[in-house]
Amino acid sequence: MSNTYKDLQNSHPCFGGHKNNTGRIHLPVSPGCNIACRFCDRSINDVEDRPGVTSKVLNPEDCEEILKKALEICPDIKVAGIAGPGDTLATDRALRTFRIVKEKFPDLIKCMSTNGLLLSEKAEEVIDIGIDSLTVTVNAVDPKIEEKLNAYIIYHGEKIEGEKGAEILIKNQLEGIRKVAAAGITVKVNTVLVPEINGDHIEEIAKTVKEAGAKIYNIIPLIPQHELKDYAAPTCPQIDEARIKALKYIDVFRHCQHCRADAVGVPGKSEFGDQIYQRRLNVKETFSHG
């Protein structure tokens, strides 16, 4: 039985559990991605603190020893999450890892993030593995807006660009959210706020994902980079305005720390990633979208 939304509010740092000094470990096992977000620069390096970055990509079989070591160093860890650096459903590596977590560390909360392109077709597997919380990044529910944020998708081996790709992505995201939410999995939706593109679209996203079954909504400010490097990051008043609009429809999370894909510890209080992953790299190797 998955943890309920109320359980997660007390035990998961991305649902309010930050108040209880709850720790998490991100296991960077998912190398490839199947969509091309215009703001995403996935990278292997030791120096940047943002999503999509890790110092190395692990094999699922490595994760048992990593988790043992992490729990010795930081007993506050209650959550094992997989958030990249690519998409968790683009390969089978994240689901293989969660099977190991389920068997070897049954008390850990299992948390996964995905762009949702393959969520609908992999929903039964996600449910069967016992994922407790699922985060889906939904940046628009209108294909005309989504295509400005995402250049293309790779769907069953085919590259589909523009509005057509955006339409498939949104359809699959919402279908997937409905399936996993109906099974009792707590769904959080992340939206990257790009004021010039989706700033006036936040209410519509919040309303739509809530109707699909999402419980909580997290608005993430754009980090200007990649194709959107010349777009302005949202100001604090713009973020507050977006949150107020979303609150009409859904609970809003306000404490996101922009965590790396290999973060370890209590967000904002402790970080043990250097010790756990033995970060040594100081170069920046960029992933390709594929």
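# A tour of the predicted model

Glu175 is partly exposed, with a relative accessible area of 28% (buried is under 20%, exposed over 50%, partly exposed in between, with a 1.4 Å probe and protein chains only). This is a predicted model in which local features need pLDDT of at least 70 and side-chain atom pairs count only at pLDDT 80 or more, while totals for chains, interfaces and linings use all residues. Residues are numbered from 1 along each chain as its sequence is written, and side-chain values use heavy atoms, with hydrogens and water left out.

**Stop 1: helix H6.** Helices (H or I, at least four residues) and strands (E, at least two) are DSSP runs numbered from the N terminus. Lys171 is partly exposed at 48% relative accessibility.

**Stop 2: H6 against H8.** Select residues 162-182 (H6) and 202-212 (H8): their axes come within 8 Å and cross at roughly 40 degrees. H6 is therefore oblique to H8 (under 35 degrees is roughly parallel, over 145 roughly antiparallel, 65 to 115 roughly perpendicular, the rest oblique). Axes are lines fitted to C-alpha atoms, for helices over the stretch in contact, and angles run from 0 to 180 degrees between N-to-C directions. Show Leu174, Ile177, Arg178 and Ala181 of H6 with Thr208, Val209 and Ala212 of H8, which make the contact (heavy atoms within 4.5 Å).

Lys207 is partly exposed at 33%, whereas Glu211 is exposed at 59%.

**Stop 3: Tyr217.** Which residues have the most contacts inside the largest nonpolar core? They are Ile25, Leu27, Met112 and Tyr217, in a core of 71 residues. H6 gives the most to this core, with six residues. Residues that Tyr217 touches include Val189, Ile205 and Phe253.

**Stop 4: backbone.** Go to Gly84 and Pro85, joined by a cis peptide bond with omega of about 10 degrees. Pro85 is in the loop between strand E5 (77-82) and helix H3 (93-104). Then select His156, a non-glycine residue with a positive phi of about 55 degrees, in the loop between strands E8 (150-155) and E9 (158-161). His156 is exposed at 58% relative accessibility.

Note on methods: Core = buried A, V, L, I, M, F, W, Y, C linked by side-chain atoms within 4.5 Å. Lists of a residue's contacts leave out its neighbours within four places in sequence.
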